[in-house]
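Please open the model in a viewer and keep the selection panel at hand.

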4 protein chains.
Amino acid sequence: MVGNSLGTLFKIISFGESHGEVIGVIIDGCPAGLKIDIDLIQKELNRRRPGQIALSTPRSEEDKVKILSGIFNNFTTGAPICLIIENKDVDSSKYEKIKNILRPSHADFSRLMRYGEFADYRGGGRFSGRITAGFVMAGAIAKQILSLNNIEIIAYTREIGGIIDDKDYDFKKKKNLRDKSEVGVLNSDNSQKISELILQMKEEKNSVGGIVKCIVDNFPAGVGDPIFNNLQSDISKAIFSIPAVKGIEFGAGFKAARMKGSEHNDPWIIKDGKIKTSKNDAGGIIGGISTGMPIEFNVCFKPTASISKSQKTIDIKLMEETELIIEGRHDPCIVPRAIPVIEAMTAVVLLDHLLMAQKIPLVLEEK
Amino acid sequence: MVGNSLGTLFKIISFGESHGEVIGVIIDGCPAGLKIDIDLIQKELNRRRPGQIALSTPRSEEDKVKILSGIFNNFTTGAPICLIIENKDVDSSKYEKIKNILRPSHADFSRLMRYGEFADYRGGGRFSGRITAGFVMAGAIAKQILSLNNIEIIAYTREIGGIIDDKDYDFKKKKNLRDKSEVGVLNSDNSQKISELILQMKEEKNSVGGIVKCIVDNFPAGVGDPIFNNLQSDISKAIFSIPAVKGIEFGAGFKAARMKGSEHNDPWIIKDGKIKTSKNDAGGIIGGISTGMPIEFNVCFKPTASISKSQKTIDIKLMEETELIIEGRHDPCIVPRAIPVIEAMTAVVLLDHLLMAQKIPLVLEEK
Amino acid sequence: MVGNSLGTLFKIISFGESHGEVIGVIIDGCPAGLKIDIDLIQKELNRRRPGQIALSTPRSEEDKVKILSGIFNNFTTGAPICLIIENKDVDSSKYEKIKNILRPSHADFSRLMRYGEFADYRGGGRFSGRITAGFVMAGAIAKQILSLNNIEIIAYTREIGGIIDDKDYDFKKKKNLRDKSEVGVLNSDNSQKISELILQMKEEKNSVGGIVKCIVDNFPAGVGDPIFNNLQSDISKAIFSIPAVKGIEFGAGFKAARMKGSEHNDPWIIKDGKIKTSKNDAGGIIGGISTGMPIEFNVCFKPTASISKSQKTIDIKLMEETELIIEGRHDPCIVPRAIPVIEAMTAVVLLDHLLMAQKIPLVLEEK
Amino acid sequence: MVGNSLGTLFKIISFGESHGEVIGVIIDGCPAGLKIDIDLIQKELNRRRPGQIALSTPRSEEDKVKILSGIFNNFTTGAPICLIIENKDVDSSKYEKIKNILRPSHADFSRLMRYGEFADYRGGGRFSGRITAGFVMAGAIAKQILSLNNIEIIAYTREIGGIIDDKDYDFKKKKNLRDKSEVGVLNSDNSQKISELILQMKEEKNSVGGIVKCIVDNFPAGVGDPIFNNLQSDISKAIFSIPAVKGIEFGAGFKAARMKGSEHNDPWIIKDGKIKTSKNDAGGIIGGISTGMPIEFNVCFKPTASISKSQKTIDIKLMEETELIIEGRHDPCIVPRAIPVIEAMTAVVLLDHLLMAQKIPLVLEEK
């Protein structure tokens, strides 16, 4: 309850269920005057669409975006924008059979304790990763506005199942490299290894977790509202709304626990007449406010909870132990499809803060 | 701006500056009928008070809590509770000298870009760790209400400067062990090693980071509001409001990235007629809602930014490079003093969610 | 912007435009376990539907409610409920012709100054009374929950164009009487007179305003959150969201300005063992909290701004004076159709407050 | 609960009780760089201070404003500003005697049903008009920022006890005229009559209500966020937070109910090259957004509930009827002292909306 809105001046409201009519999102507070490129929204949706590659769930959804409100003559009007996709390839039969069996590490028990027996459990209902399609649609619009202000976001796979891809490149090159990889890593050799690992997991009826890195380029200094609406707080709140996320770290992150101040502190320098730091262990945020350096953070995803391996669990109606084999259609690794979702939520939060900092006007100038 | 409130039904508002008149907090939404134990508030404050031990900053503050509103005949009334401590041992001279020098990894530049030259920079102003005294006062009240409901929170040092203290004990024993340690770890041998490391940092005019673990016992299942007000999101948002925090992970956390589903999934079992999991890699939260297992998370602190070692940086008025030696009074490691702050913010967030879940009444029964 | 959400625990989000695809509403925070009676929602919609009677606009819309999310097996799930109606009988041609002419007492100029030229002006866009269909759908659900708790709301016409209908009846009789009247008054002789007045206005190409009275029966004492979320504040905020409202007064209202304390004060009495007041000039709210007496307030509507009479105004492109004859399709008096809207908004606000007061559970018991 | 905050970007938090330590307010979101004129705050406080004139309560409070946070070197910093006044002339004995007697039209019963027996009842506690001193302090700061932008607010008495003062003057002259009158009316003959009426009420141990008019000059067009955060909604919400308010109307207000569209509609004209309306029955707000014409509204106050006349009521402990004579110290008419409170709340709401409309920067330019 009351949990489906995020943001202050650029607010998104999530609705819809995995096997309901639609997945949707409302954007309240989008500046007027943005020329909507619906292909861009669709392109972002396609990045997280299921059934795209051999590595992901066989559920096949067209995920075609439909605009219900807020756009007129192809421009945003300042009114709430409602975007939906329809659920078509719905097969709820497998969920019906196991509706009293608690799937390990799924929200079945939490949900029962919170909503009683009324919640829609089909396909995970509100707890399905599919609801992030709404995040992606909202993010696609936020990204268009950020882009007009030269702010670019990229997320990519840093690690899956222990295979670490940490060779770095400059910002512009990253996008090309990532887009060439089926699993969203920058280096092709690791891409191959990770693809093989994921296929192996599929065969083993198992799954695996991973880490996504996200970088925001050209974000202006001076944005963020300490104490509680600081940038780290608001980004982390948004990122933890993505199912399966279990950790987030900014800049040097958990490594900072083993660093000395003299190592972690980023020296201030003047470069091309601008104030910068010579390195960026702060991840672009100090005191909760942007420094003008790239915003950088890592997000940890647990392995997909749905596995086809036999698992011990309980039947909650009979109150007795049982074995469970989850049939359904699931990704052996959610990480590659989570990449556009992380970009989307980051865009949503940052645009909200840019509006609060009055760095973006309420009515965009016509170009 | 607009960043100083947190919460929906149990809301805290932070105010005050490090070298201003007071540090304060308002609690809006505290249930009526709580018998206030002011000694308990003071005890919590004392846990984070500076000048307590050789290891921390020499700034000496009495930090005596004063109640300005919301209490009548020793009970909470349901009206907003305003609590303050005064700033007495204030020495702003050292800040005056360096006010144009950007201290590395401090919020000086962020602050200038956000507030212009108007912000109070003395002692870090609003960006000082001292503002967390307000968090602790609010948390002390939240903890009293949680305690009446048998919910207990403990945080303790897990790691400082690479010295890991991971031998575990049952919940009740942990509190005793931690309280015996000057640095808040559970095992006395590590306590000794860490104390020595911190003293060494002090001598080296350097600092060091660390990790705090937090566990919540007896938290009921079914609390949390997906999607955006899920428990992980709201806890992380609150925790990142504590200065120097750079990462948070729930349950197995970042380790989950290298686990298989068959390893990470927590099997459901029936124990003493209750539904539990046989292990707790989920950290007590699935789908953003509590499972009834202990809530567990780790928080990473960067090393204190203020070090007395000479550092390269720039003078922002002259726009030229310079060297900086920070005099002031600083903790070589903030981790031990951050422990009660983490407990406090956790208590505040969880009480807010318990009220939203109607697990705690608006008027407490008289005992 | 950011203006399309209302409420804390029972939150509604409005979207859609008069001549867009749909008019819609999202309800976030509806308790789980309400058996949805879709006919009841449709019945409420029909009460404010255009084209029903000779007295209202000839625009003919079926206004058939469609559920996009939040309902499963006919019960609410606790997830956000998205309800829409489609716009079908859309004729935007008349708006195209006058899009640069400022219609007197319409939001044309306000809208331009707020959203630039991007807003959807067709049929009034977001400023159309048609958006209140979304309010009515949300209110229909809120009313069902209130009804389960024996709380009933009735609004009726008190006055139109100076014809005052102030003979009163007991609560139950009022509903019958009102429903017999085409214009929503209680007494049939006034009903006839008012109908004639409205038809006369139509012929004169003019319009007329009026007053609606709203009464809430059986609302429990002790609900409302002073200071700023008191019941009068939150009801008035919601009511002023209805287009054409220009005033609200509780209990004796503006008459209180001419009363003495000894007249206005409501004496407390004991009646059937319960604490009541012998009269109700307070309108059921004292100190912003409900007293247990009926909540009573009056709402003033201005005459419909759209009249077919020739009016002096300006062309904003040419920046010169002009004459305007509004064609379109409009109600000569909005008051009768506003009655269900006032009931709806009242229901929404009161349910939100009942949830905050923990008077209604988050999961409704199955009956 | 949760009711003590108002606003989004310029947020005020109210705290304190009539006979507690202090009455206070926190302002969160005040732009940085406002030179604070503490005399101006004090001057506003003095306007509503008790014990000033023969006509008001004999309680004598110095009401000296004290700044606890948010100001540095005499300028606002962007951090939360905490302002308090102390309660000194406290005499709670009279409240002790009658604490089980329900005072007619007081919040005694509402309060008991909401907070149980825990609320501070002394002097009305949180329900006292004295809490509006906090509103006035916040408003004084808001007014200073509005003034820098040439926006001026004036409220004055329109009517007390049936004596109507409706002869109008231009904006600048109004302030002088009002300030000459002990009761805040514009015309000296009515001032005399009203003063006599109030004294008569005092002698009769009775009280009387009235109406305050408020006008905002030079408020820019295009401010306000439909649907729910429209200007009428947000002003009315704030105004109903003032104790004893029972009605509000904008522009022609309730008179609009008896007007035809052709009378009520304000014709658009061009005057000195600017777009205006030739009259202002809309009260400066159409569609919830400012039109650039003066914002105008009337507020109705009920007669003071505390009267020294004997009243019938009940003893809630004995559950039996009784007679009550309220001793205490009370104003026979609250209207004159409410004037600065209405100005203050109006300033607070409008500044919040100006910030949302990006019409005022977050860091004010130094002049």
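Two residues are in contact if their C-beta atoms, placed from the backbone, lie within 7 Å. This is a predicted model, in which local features need pLDDT of at least 70 and side-chain atom pairs count only at pLDDT 80 or more, while totals for chains, interfaces and linings use all residues. Residues are numbered from 1 along each chain as its sequence is written, and chains are lettered from A and ligands numbered from 1 in the order in which they are written.

Select C:V348 first. Beyond its neighbours within four places in sequence, C:V348 is in contact with C:L6, C:G7, C:F10, C:I12, C:A138, C:G139, C:A142 and C:A238.

Next, display chains A and B. Here 89 residues of chain A are in contact with 89 residues of chain B. On the chain A side, these comprise 40 nonpolar, 33 polar and 16 charged residues (nonpolar: Ala, Val, Leu, Ile, Met, Phe, Trp, Tyr, Cys and Pro; charged: Asp, Glu, Lys and Arg; polar: the others, Gly among them).

Now select residues 245-250 in both chains. Strand β11 of chain A pairs with β11 of chain B in the antiparallel sense over three bridges (strands are DSSP runs of E, at least two residues, and helices runs of H or I, at least four, numbered from the N terminus; pairing requires at least two DSSP bridges). The bridge partner of A:G247 in β11(B) is B:E249.

Within chain A, turn to β8 (residues 152-160) and β10 (residues 210-217), which run antiparallel and are joined by eight bridges. There A:I154 stands opposite A:I215.
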